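Here are my notes for you on this one. Have a look at the picture first, then work through the points in order.

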Number of protein chains: 2
Amino acid sequence: MAEHFRDDSVAAVAVRIDAEHPHGAVFDPHQPQLRVTDLGAIRGDGIFETMFAVNGTPRKLDAHLARLRRSAAILDIGVPPAESWEAAVGLGLEEYRARGGVPEELAIKLVATRGVENEPASEDPAFAGTYWLMLTPVAESMRANRGKPLAVTLLDRGYDSTAAERAPWLVLGAKTLSYAVNMAALRHAEAGGFDDVIFTTSDGQVLEGPTSTVLIARAGGEGEPPTLITPVLETGILPGTTQGAIFTAAERAGWKLGYGPLTPEDLRAADHVWLLSSVRLAAPVNRIDEHELAVDPELTAQLNSFLDQDLPVNHPTD
Amino acid sequence: MAEHFRDDSVAAVAVRIDAEHPHGAVFDPHQPQLRVTDLGAIRGDGIFETMFAVNGTPRKLDAHLARLRRSAAILDIGVPPAESWEAAVGLGLEEYRARGGVPEELAIKLVATRGVENEPASEDPAFAGTYWLMLTPVAESMRANRGKPLAVTLLDRGYDSTAAERAPWLVLGAKTLSYAVNMAALRHAEAGGFDDVIFTTSDGQVLEGPTSTVLIARAGGEGEPPTLITPVLETGILPGTTQGAIFTAAERAGWKLGYGPLTPEDLRAADHVWLLSSVRLAAPVNRIDEHELAVDPELTAQLNSFLDQDLPVNHPTD
């Protein structure tokens, strides 16, 4: 297999899942794999998850698979059972071992599309679409930049805070492949000299980043632990697996937890703000538009050590 | 080439464009063509157009290519020049001729994606992404259903009428591949017994269908032609090429033209309503939720005969 790849030392490993290969089959991601009629490719009609694996162990595997299933239900896309995804992850890791070793840090992307219109890949709905995983070594540049404070701009997501509840066809709680707005918002931010974005509702609530969950901390009293607060899910944001894992560990450590609604003013008044994501981990924010924020490297390290515990995620809706 | 295809009599023809094939190269759409790392496939980060060709002549070619270029500019995606797309369309038609004849009616889809992240396909920005065309014979079922009245439901698009102007990162004027919401809205409508959707803003303006433009007619006085009205573009809807072509022909015929804003009440009070699209043409609406609307087959036929003239499109912003 390895001879198919251009550069084994940094190569990604790809695994597809189909009815004939319910436990996965390795393929070369440099070769075409998708038809141009796949609804994932021409309609953004699919879903995904991005997991983080350290030394060959995926973190929050159950939470990611549960959220994938939740996204699939919202979009009415059939997806293979958890055991298929788990076996395919195992196969990808095995492929790395056969090539000489599993990279210390991997991003593992799981993707499911609706497949080709009117041509289900299988009569079994669980295998009717197109399914694959990509395992990619985390870039040195991202590893080196972890903990580096981010300058963030607030951008209006166009929806008000009740849109998700009154208009389920907006599929706001699903992690879909239709990310053109998220990508455009990041380009807009970068053009203005910012590193990232926090979306707000048109009626002034804090939502999430294009690829992250927002977390704020309010300092406790003398000798008291801080309170961690994240926006409510009712606005249609994704339940963050990283936020959920931090909340579980923080609660066990005796910290206080809270859920929004949060406003931009709450962000500016917070002692600290982070953007949380599975691979970048807890990224501290030191600027929101013109407003400077203090960062606390020790507290960021504490959040990231919570993630090292890989505890089950804690969401108010679980 | 033809032996690659499963069923020549109904087969689609696919043509890719790249720096080595600036005038196109035919490929088999049943074979994989896209990498799983293509941003079109994993981020819905690309654009498209769907044209209609009758007896081998694409309609509104210039308007579709102009809108593709406009979408590309909004998303900052490089696209090949018009002559590449035109040559690739010609190549696709030639392929049909080589196989025994061009189908009477073809849908021609043009797609451009941002390509694979950090791996531009060419140093020339006009060829840095992934580009292809699909030519597909229009299904007998769609041809038979033309003119059949549609039952339509109004669905809230979640945005208010000023979102497009105040938040350009929502890329509302671009025809992107991120169509998960459009597809979910159509599924929602079908589950409720409707044929199609008209989106509205959260503040009560009429937008567009998931794959169509809204047109209403108000009857003229005795012996007077009707007035045709379509929603304003400032809400972020796509400038409809079919609507634009009808407006040009209608104006030449002495009809009156108007632009919204339109409200749901304007739809219900209209003498007739249509959904316009390049391949389905003018589709009359006979029900908007609980409200019945009259249809006028002669007027629908008149609109479709306007389209047969294939005149340049007329938009207030042109």
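**Notes on the model**

1. Let's begin with the fold: chain A has nine helices and 14 strands. Helices here are DSSP runs of H or I with at least four residues, strands are runs of E with at least two, and both are numbered from the N terminus.

2. Before you go on, keep in mind that this is a predicted model: local features need pLDDT of at least 70, side-chain atom pairs count only at pLDDT 80 or more, and totals for chains, interfaces and linings use all residues. Residues are numbered from 1 along each chain as its sequence is written, chains are lettered from A and ligands numbered from 1 in the order in which they are written, and side-chain values use heavy atoms, with hydrogens and water left out.

3. How does the radius of gyration of chain A fit a compact globule? For 318 residues the rule gives a value near 20 Å, and chain A has 20 Å, so the two agree. (The radius is taken over C-alpha atoms, and the rule is 2.2 Å times the number of residues to the power 0.38.) The C-alpha trace spans about 60 × 45 × 40 Å along its principal axes.

4. Of the 318 residues in chain A, 60% count as buried. Buried means under 20% relative accessible area, exposed means over 50%, and partly exposed is in between (1.4 Å probe, protein chains only).

5. Now the partner chain: 51 residues of chain B are in contact with 50 residues of chain A, where contact means heavy atoms within 4.5 Å. Together the two chains bury about 4,300 Å², with 59% of it on carbon and sulfur atoms. Val36(B), Arg43(B) and Trp169(B) supply 20% of the area that chain B buries against chain A, more than any other three residues. Buried area is the accessible area (1.4 Å probe) that two parts lose on being put together, summed over both.

6. Take a look at Arg187(A), which lies in helix H6 (residues 180-191). Its relative accessible area is 22%, so Arg187(A) counts as partly exposed. Leaving out residues up to four places away in sequence, Arg187(A) touches Asp45(B), Leu75(B), Asp76(B) and Arg114(B).

7. Beyond its neighbours within four places in sequence, its contacts include Glu49(A), Thr50(A), Met51(A) and Thr241(A).
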